[in-house]
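These are my notebook entries on what I looked up in one structure, kept in the order in which I looked.

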Amino acid sequence: MVLSSVDELPISKIDQPKIFSITSNGLSSYTHGFFKYLCKFIPHVPRWALKKYIKADNSWVLDPFCGSGTTLVESALLGCNAIGVDFDPLSNLITRAKSTPLKEKQLTELSSRFSHLIDYIERCKHIDQSLIPLIPNLNLWFSQKACDDLVKIKQGINRFKEESDDSYIQDFLNVCFASIIKRVSNADSQSPKPYVSKKIKKIPGNAIDLFKKVAIENLEKLGCFSSVAIPNKCFVMRGDARNVDDLLRRKRLVQGVDLAVTSPPYINAFDYVRSLKLENLWLDLLDPDELGQHNQEQIGTEKITFDPMLISSMQKYSNLYQAFHKIVEKDRRRAYVVMKYFYDMRLNLISVKNILKPNGTYCIVVGNSKIRDVEIPTHKYLIQIAEDVGFKLDCLFGYVIKNPYLRIPRQGRGGLIKIDWVISLKKGK
């Protein structure tokens, strides 16, 4: 494999297989840096796909695992209409806030009212206990002062809502609120999952000071984004990536999309529901009783029920099936997690193919894994499945992950992912 250093991914033909080291940053430029989202993919990939595959005005771009909205932000910067779908309500909120440019009047209103909002929060004496979420073991996660300050901020945002019916401004404030919740909690700062360390005592940040700081920084980013974003149509909705074609047809938004770009969950890498539970609960997007069912909805979940019919339906993918049996010898449940992941991704591939226009393209960013010492070349297995359901491989390359979010041991369950692979798939005529 050839390692090549580039500022941006080349639009010209890429000789396979090639690994790129991307020297330019821009990971937090414009609104990309609004929220520290787990495993979000770099903006260089959707930017590359948009420039390479979008040839006409009024084109539509889909991200069926939109996460924190990277694809939709890049679509707005290049003037493409975009649709983002994700099963998680916090992801929907973050994506809307990041990908919606505000008009000058809205930015002026937000700026002028923000100082009054902060003044109200700092002067607030009454704590509305009804705004404290029903988080199990609340005192483990938050000090009394952190809870009180978070409630004050929540009250201030609610008061802002009463004075303004602009839902996009409200989304912005809620994302700023969400971005400080873990930072003011007792949760370990290095772990992507909420976890209170017994060895290292964390000193949480001051919620009101952090909210003020984050909002001011994000307002500047939003202003820069709004000044250069090209007017487009943008829809963000909650849905299942396994039947995104049905969702879009029910909504009657588009007849078909020209390009899909996404980064689905990695196998056994993150429990997104657990990782984002504090934010979802504080923002009243989910309640504790919904978390269990919500966890089962995510692709890659370990909340599984063994289904022999599922296994038999995947036997035709011989390399995957052999890897499955190697893992079964060591860990039957984790072997099934792997097979369920590829079964669900097959459903996603079929669904996206159904909604793509003729000659449309689906670009997928994935990382490989090691499960119970068995190498899982995710990109190779997905290519095999994609070709089986009717796609044709157009392009394949990798890039070096320079700042992996996950820096804690994974106890042999997933391995350290060092390379992301970009799979570009073509639908036929």
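**Asp 149.** I began with Asp 149, which I found placed in helix H6; helices here are DSSP runs of H or I with at least four residues, strands are runs of E with at least two, and both are numbered from the N terminus. Asp 149 counts as buried because its relative accessibility is 4%, where buried means under 20% relative accessible area, exposed means over 50%, and partly exposed lies in between, with a 1.4 Å probe and protein chains only. Setting aside neighbours within four places in sequence, I noted that Asp 149 is in contact with Asn 206, Ala 207 and Ile 208, contact meaning heavy atoms within 4.5 Å.

**What the model is.** This is a predicted model, in which local features need pLDDT of at least 70 and side-chain atom pairs count only at pLDDT 80 or more, while totals for chains, interfaces and linings use all residues. Residues are numbered from 1 along each chain as its sequence is written, and side-chain values use heavy atoms, with hydrogens and water left out.

**H4 against H6.** I then turned to how helices pack. Two packed helices are described by the angle between their axes and the distance between the axes. The axes of H4 and helix H6 (residues 144-163) come within 9 Å and cross at roughly 140°, the axes being lines fitted to C-alpha atoms, for helices over the stretch in contact, with angles from 0 to 180 degrees between N-to-C directions. That angle makes H4 oblique to H6, since under 35 degrees counts as roughly parallel, over 145 as roughly antiparallel, 65 to 115 as roughly perpendicular and the rest as oblique. H4 passes H6 in a right-handed crossing; a crossing is right-handed if the near helix is turned clockwise from the far one by less than a right angle, and left-handed if anticlockwise.

On the H4 side I listed Leu 110, Arg 113, Leu 117, Tyr 120 and Ile 121, and the H6 residues that they meet include Lys 152, Ile 153, Gly 156 and Phe 160. By class, this contact of H4 with H6 has 7 nonpolar, 2 polar and 4 charged residues, where Ala, Val, Leu, Ile, Met, Phe, Trp, Tyr, Cys and Pro count as nonpolar, Asp, Glu, Lys and Arg as charged, and the others, Gly among them, as polar.

**H4 against H7.** The axes of H4 and helix H7 (residues 167-181) come within 11 Å and cross at roughly 50°, and the two helices are therefore oblique to each other. H4 passes H7 in a right-handed crossing. The contact is made by Gln 106, Glu 109, Leu 110 and Leu 117 of H4 with Tyr 168, Ile 169, Phe 172 and Leu 173 of H7, and its classes are 6 nonpolar, 1 polar and 1 charged.

**H9 against H15.** For helix H9 (residues 244-251) and helix H15 (residues 332-355), I noted axes that come within 7 Å and cross at roughly 35°. Val 244, Asp 245, Leu 248 and Arg 249 of H9 meet Ser 351, Val 352, Asn 354 and Ile 355 of H15, and these residues divide into 4 nonpolar, 2 polar and 2 charged.

**Loop residues.** Is Arg 252 buried or exposed? Arg 252 lies in the loop between H9 and strand E6 (257-262), and it is exposed, with a relative accessible area of 74%. Its phi is near 55°, a positive value in a residue other than glycine. Asn 58, in the loop between helix H1 (44-53) and strand E3 (60-63), has a positive phi near 65° and is exposed at 55% relative accessible area. Gln 129 sits in the loop between helix H4 (104-123) and helix H5 (138-141) and is exposed at 53%.

**H16.** In helix H16 (residues 378-388) I found Thr 378, His 379, Tyr 381, Leu 382, Ile 383, Ile 385 and Ala 386 buried. H16 is followed by Gly 390, whose phi is positive, near 115°.

**The whole chain.** Last, I looked up the totals. The protein chain has 16 helices and 11 strands, and of its 429 residues 55% count as buried. Its C-alpha atoms fill a box of roughly 65 × 50 × 45 Å, taken along the principal axes. Residues 24 or more positions apart account for 77% of the contacts with a separation of 6 or more.
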